[in-house]
Amino acid sequence: LGGNSLLETIVYGARAANHACDYIKESGEVRPSERTLKSEQARIDNWLSKNSGLRAPQLRTQMNTTMSKNVFIFRQEKELKQAVDDLLEIRKSFDRDVYVMDKSKTFNTDLVHAMEVDFLIDAAMCVANGALARQESRGAQARIDYPERDDKNWMVHTLAWRQQDQNPRLDYSRKVTITKWAPQVRSY
Amino acid sequence: MAQVKLDIFRYDEAVDAVPHRDTVEIDVPVTMTVLDALETAKAEVDGSISFRRSCRSAICGSCSMNINGVTGLACKTPCKSVMNTEGVIQIDPMPNFQPMKDLVVHMDPFWDKYTRLKPYLQPADRDEDHERERRVSPADMKKLVDAANCVMCATCYALCPVVSVDPSFAGPAAIAYAYRFIEDVRDSKKKERLAQINEDYLWLCAHCYACSYCPKHVDPHDRIVDVKRATIQEGVMMDHPGPRHALVVNKTIKKTGMLAETEVIQGTVGRFNFVGLMKIAPLGLRMAAKGKMPPPFLKPIPKVDEVRTIFESLEVPT
């Protein structure tokens with residue numbers, strides 16, 4: 001897997017970079033949105049201004065625990081529901097209580113880790129909610145309560161939209177386009 | 001579980017005039033690595049403890065630091081192998097680098113020395129269409145894999161006593177990585193690469209073997225020897241003191257079985273390099289005054305044939 005992912009990283013990293021360069025050239029002067037800048041600054045200032053509450057490592061451990069226990073290789077409804085509930089609580093307590101202990105402006109890894117955990121919780125919520133909604137088994141999704149693949153209902157991409165203090169809104173408007181390789185039963 | 005006391009170098013370049021030390025006590029299994037102990041201390045006690053880390057399994061090269069005064073990867077060092085009877089482990093940033101914050105150092109000089117070497121393949125044809133593979137035989141690749149395993153953790157650079165006295169020296173890692181391209185059959189810039197590494201003071205290496213301690217077994221010291229040998233074989237920069245010194249030492253030992261110091265000095269500096277010779281003349285006079293002037297000519301030792309046989313069996317380039 002290391003070999004595959006490394007090659008993929010290099011090839012698609014180069015393609016993404018070339019594409020980004022072309023995009024910038026075509027777009028002329030690009031200015032970041034003032035609103036985004038302000039909200040990001042507020043997010044960071046909020047963490048740095050507080051001196052008590054919860055720290056990102058503790059919430060990361062809670063997230064790891066529920067993901068490993070309930071959204072692992074073999075999945076089922078009861079466990080996935082538990083993970084969805086746990087993650088929403090973790091999301092809310094992160095937004096409400098998290099603070100960064102290190103106030104330094106030099107190489108502040110405590111701050112960077114908090115940002116990472118912030119995004120990881122979102123990613124975990126997408127995975128858990130998507131896995132719960134998808135009532136079939138396909139690829140890395142192995143549901144013991146829905147062991148069969150269901151091409152009739154589930155040949156769709158899962159798009160997840162972030163919502164404040166709620167689970168992500170799931171959207172299945174994009175159908176899968178079949179090009180060279182038609183999906184087949186995995187019979188090995 | 002055991003009580004581990006991490007005695008950590010603390011410093012923030014933005015606010016601190018001088019560093020101080022903090023001791024953080026944690027309860028962890030002694031089989032835990034020093035890196036995980038640091039992570040535990042950061043997560044549970046003091047979030048401001050700063051160090052670089054990424055993979056936690058000795059493939060990214062981020063977490064090199066001094067543990068009880070010895071440089072190495074924290075993720076590859078179990079606490080029980082380094083803690084003393086009181087459970088104390090001293091942790092400091094890598095030497096030969098400017099500290100930035102706690103165990104994080106400024107890596108710029110190290111990366112600059114890599115960049116100067118153009119650490120990427122430069123084949124003869126650009127092959128823009130990628131129509132053909134550039135093939136390497138397994139035998140040719142075998143020479144490169146050890147050096148290519150380098151994770152750029154800078155452990156060898158931190159351990160190098162030559163870097164500590166002369167920061168212009170390229171350092172072991174960069175030379176070992178230069179070797180990786182110099183010996184690559186697909187590359188077309190062998191001579192240019194050798195010239196560059198010679199410019200970067202290849203010959204300052206004192207062959208002390210400190211860099212033989214490498215977490216990835218790259219053995220930079222042996223690669224430095226290889227690059228020096230390639231320099232002479234390719235006839236690059238032969239008018240410079242480095243290659244000349246190596247050759248004249250070689251020559252006098254082969255001839256007499258001893259180091260003929262007078263001849264070595266002339267050979268290194270250059271027999272007709274009067275300016276150079278004048279510069280070392282005071283040293284010669286001081287040595288003469290103390291009765292330590294080496295003899296101008298040496299008689300070969302009785303069994304010099306045996307010395308010559310050793311040289312011939314090692315195929316030393318002349």
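Among contacts in chain A between residues at least 6 apart in sequence, what percentage join residues at least 24 apart? The share is 62%, where contact means heavy atoms within 4.5 Å.

## Basis of the description

This is a predicted model, in which local features need pLDDT of at least 70 and side-chain atom pairs count only at pLDDT 80 or more, while totals for chains, interfaces and linings use all residues. Residues are numbered from 1 along each chain as its sequence is written, chains are lettered from A and ligands numbered from 1 in the order in which they are written, and side-chain values use heavy atoms, with hydrogens and water left out.

## Chain A

Chain A contains six helices and four strands. Their order from the N terminus is α-α-α-β-α-α-β-α-β-β; helices (H or I, at least four residues) and strands (E, at least two) are DSSP runs, numbered from the N terminus. The C-alpha trace of the chain spans about 55 × 45 × 35 Å along its principal axes. Of the 188 residues in chain A, 29% are buried. Here buried means under 20% relative accessible area, exposed means over 50%, and partly exposed lies in between (1.4 Å probe, protein chains only).

Met125(A) belongs to helix H5 (residues 109-133) of chain A. This methionine, Met125(A), is buried, at a relative accessible area of 4%. Leaving aside residues up to four places away in sequence, Met125(A) touches Leu87(A), Leu88(A), Arg91(A), Gly130(A), Gln166(A), Asn167(A) and Pro168(A). Between the C-alpha atoms of Met125(A) and Ala160(A), which are 35 residues apart along the chain, the separation is 9.1 Å.

## Aromatic residues in chain B

Over all chains, a search of the whole structure finds 11 aromatic pairs. In one of them, the ring centres of Phe110(B) and Trp111(B) are 5.2 Å apart and the planes stand at 70°, so the pair is edge-to-face. Rings of Phe, Tyr and Trp (its six-membered ring) pair if their centres lie within 6.5 Å; planes under 30 degrees apart count as stacked, over 60 as edge-to-face and the rest as tilted. Phe110(B) is buried at 2% relative accessibility, whereas Trp111(B) is partly exposed at 36%. The pair of Tyr114(B) and Tyr177(B) is also edge-to-face, because its centres are 5.5 Å apart and its planes are at 70°. Tyr114(B) lies in helix H3 (residues 108-116) of chain B and Tyr177(B) in helix H7 (residues 172-182) of chain B, so this pair ties together parts that are 63 residues apart in sequence. Tyr114(B) is buried at 3% relative accessibility, and Tyr177(B) is buried at 13%.

One aromatic cluster is formed by Phe97(B), Phe110(B), Trp111(B), Tyr114(B), Tyr157(B), Tyr177(B) and Phe181(B). Arg180(B) lies over the face of Phe181(B), 4.4 Å from the ring centre. The charged end of Arg223(B) sits over the ring of Tyr179(B), at 5.1 Å from its centre. A charge sits over a ring if NZ of Lys or CZ of Arg is within 6 Å of the ring centre and within 35 degrees of the ring normal.

## Helix packing in chain B

Helix H4 (residues 138-148) of chain B packs with H7(B) at an angle of about 155°, their axes being 9 Å apart. Axes are lines fitted to C-alpha atoms, for helices over the stretch in contact, and angles run from 0 to 180 degrees between N-to-C directions. H4(B) is therefore roughly antiparallel to H7(B); angles under 35 degrees count as roughly parallel, over 145 as roughly antiparallel, 65 to 115 as roughly perpendicular and the rest as oblique. Met141(B), Lys143(B), Leu144(B), Ala147(B) and Ala148(B) of H4(B) meet Ala176(B), Tyr177(B), Tyr179(B) and Arg180(B) of H7(B).

Helix H8 (residues 190-199) and helix H9 (residues 220-233) of chain B pack at an angle of about 120°, with axes 10 Å apart. H8(B) is therefore oblique to H9(B). The residues in contact are Leu194(B), Ile197(B) and Asn198(B) from H8(B) and Val227(B), Ala230(B) and Thr231(B) from H9(B).

## Positive phi values

Most residues other than glycine have a negative phi. Asp102(B) has a positive phi, near 50°. Asp102(B) is located in the loop between strand S6 (99-101) and strand S7 (104-105) of chain B, and is buried at 2% relative accessibility.
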